[in-house]
Amino acid sequence: MAELGKVSMEKIVSLSQRRGFIFPSSEIYGGLQSCWDYGPLGVELKRNVKDAWWRSVVQERDDIAGLDASILMHPQTWAASGHLEGFADPLVECKNCHLRWRSDDLKDENCPECGGELTEPRLFNLMFKTFMGPLEEEANVVYLRPETAQGIFVNFQNVLNTTRKRLPFGIAQIGKAFRNEITTGNFIFRSREFEQMEIEYFVKPGTDEKWFNYWLEERRKWYLNLGIKKENIRLREHGQEELAHYARVCYDIDYQFPMGWAELEGIANRGDFDLVQHTKYSGKSLEYFDEETKEHFLPYIIEPSAGVDRSVLAFLCDAYDEDIAEGELRVVLRLHPDLAPVKAAVLPLSRREKLAELARQIYADLRQCWTVQYDDAQSIGRRYRRQDEIGTPFGITVDFQSLEDRQVTIRERDSLDQIRVPISELKATLAAKLSGESLFALPPGGSIWKQGENS
Ligand code: ATP
């Protein structure tokens, strides 16, 4: 058996399929390469990741506004952004580090970066092409966006005019992006359809370095606050040769995945590249007027660009653990409560009618606030195991004594400690514990319960 508690991609893929986090797309037809479907638990986890991001960058701030732009955009967008240019270039891609090279620039047969094997050269554009309207002709070509960022740039003036925000301010967006990647793999790490969470933060030129550093730290903290272990996160600066055409400086926030360190999020100082380009191609002025200094100028842009699916994968890998609990091997996802797909499970000790009735009432009540599961199948130990494996932070056990004293026990996933609380205090107690309060901070009438007392 593999080392106890050590995460591997096989274990994550197996857990994901076994418990309904992530399935291969169109699996009954043999799957569609590099596309994935989020199952009942995966969709909750993914939504929680997106909600946590939105809360931290939009809801809790007054300098960032949200946006949801369409996936199909005017084709000129991609001329302006530089995405169309690659069309005429024969490219090869390194099968190891995924850097792409123009084959005519290469001196030898291997990747100049890492020496890895290269794919055959082909005319390549990353963008998926489709047609708008009934005629499949060149004039009607549109593209599925390869990044959400451009939807933000083209709406810069709209948001500025309607929100009357002053610099520095940002626009945030979560949405699907599509890239016809040459090589895919590592489960949901690199796929052809994925979701991004992007902020474009507009600043006065000259203050860009300060804001770049600010966002680097802010975004790093976001992962740590949601439980990612410090030793699994690093910042990596792009070398000059690696910098994208639009970027002045770029750092990756890398995560130590089971296959090695890889990019989770990119943070770039894009300067005024995007607004210059869109001004040029649209003929519309995208300048900002500074009321104080009476100057007109194009803001610089700091871009923290994160992948939803890569974050989900990182949170799953980081939370994965195995230990011996209550005398048995258990798989446990130590997910942050904000991310856990199910916040609590209501577990009646028996299926007897009286007990089930009370447990059902509690279940109905808690569901008003959270995603909660009801499980009365098999032994209580088995049911705890099932919940541990999907990362449910709290188990609520309803036993025969509950009928007498109107109390239930709360079991904590990570410590296995238990407390007993009045049913009337359950909702408030659970709310406090889910927000990080210590289990042993007891509500009125609550008590510490000895481990295993009702199992
Ligand atoms: P990579 O070098 O890994 O291909 P990138 O540098 O091209 O990534 P960006 O263009 O900076 O990626 O996109 C921002 C974020 O979007 C990435 O940090 C990543 O989280 C996510 N992302 C990009 N491409 C994919 C993909 N094919 N599958 C899943 N997520 C992706």
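Which residues does Tyr 223 touch, not counting residues up to four places away in sequence? The list is Ile 228, Ile 233, Ile 253, Leu 264, Glu 265, Ala 306, Ser 311 and Phe 315, where contact means heavy atoms within 4.5 Å.

Before we go on, a word on what you are looking at. This is a predicted model, in which local features need pLDDT of at least 70 and side-chain atom pairs count only at pLDDT 80 or more, while totals for chains, interfaces and linings use all residues. Residues are numbered from 1 along each chain as its sequence is written, and side-chain values use heavy atoms, with hydrogens and water left out.

Now the whole chain. It has 12 helices and 24 strands; these are DSSP runs numbered from the N terminus, with helices being H or I of at least four residues and strands being E of at least two. The C-alpha atoms fill a box of roughly 75 × 55 × 50 Å along the principal axes. Of the 455 residues, 51% count as buried, and buried means under 20% relative accessible area, exposed over 50%, and partly exposed in between, using a 1.4 Å probe and protein chains only.

Back to Tyr 223. Together with Trp 222, Leu 313 and Phe 315, Tyr 223 has the most contacts inside the largest nonpolar core, a set of 57 residues. A nonpolar core here is a set of buried Ala, Val, Leu, Ile, Met, Phe, Trp, Tyr and Cys residues joined through side-chain atoms within 4.5 Å. Helix α8, residues 308–319, gives this core its largest share, 8 residues. There is also a second, separate core of 23 residues, including Ala 359, Tyr 363, Trp 370 and Tyr 374. As background, nonpolar side chains in soluble globular proteins tend to be buried together.

Leu 264 from our opening list takes us to the ligand. Leu 264 is among the residues that come nearest to the ligand, along with Glu 181, Arg 190, Ser 191 and Glu 263, out of 15 around it; near means that a heavy atom lies within 4 Å. A backbone N or O atom of Leu 264 sits 2.9 Å from a ligand oxygen, and a backbone N or O atom of Ser 191 is 2.8 Å from a ligand nitrogen. In the side chain of Gln 196, an N or O atom is 3.2 Å from a ligand oxygen. The elements giving two or more residues to the shell are β10 (193–203), β13 (260–271) and β16 (300–307), and β13 has the largest share, with 4 residues.

Trp 101 is in strand β5, residues 100–102, and is partly exposed at 22% relative accessible area. Among the residues Trp 101 touches are Pro 90, Leu 106 and Pro 112. The C-alpha atoms of Trp 101 and Pro 112 are 8.8 Å from each other, with the two residues 11 apart along the chain.

Ser 81, in helix α3 (residues 76–81), counts as buried because its relative accessibility is 4%. Its side chain makes a polar contact of 2.6 Å with the side chain of His 83. Such a contact is a pair of N or O atoms within 3.5 Å; within protein, one must be able to donate a hydrogen and the other to accept it, and residues adjacent in sequence count only if both atoms are side-chain atoms. Beyond four places in sequence, Ser 81 is in contact with Gln 150, His 245 and Phe 273.
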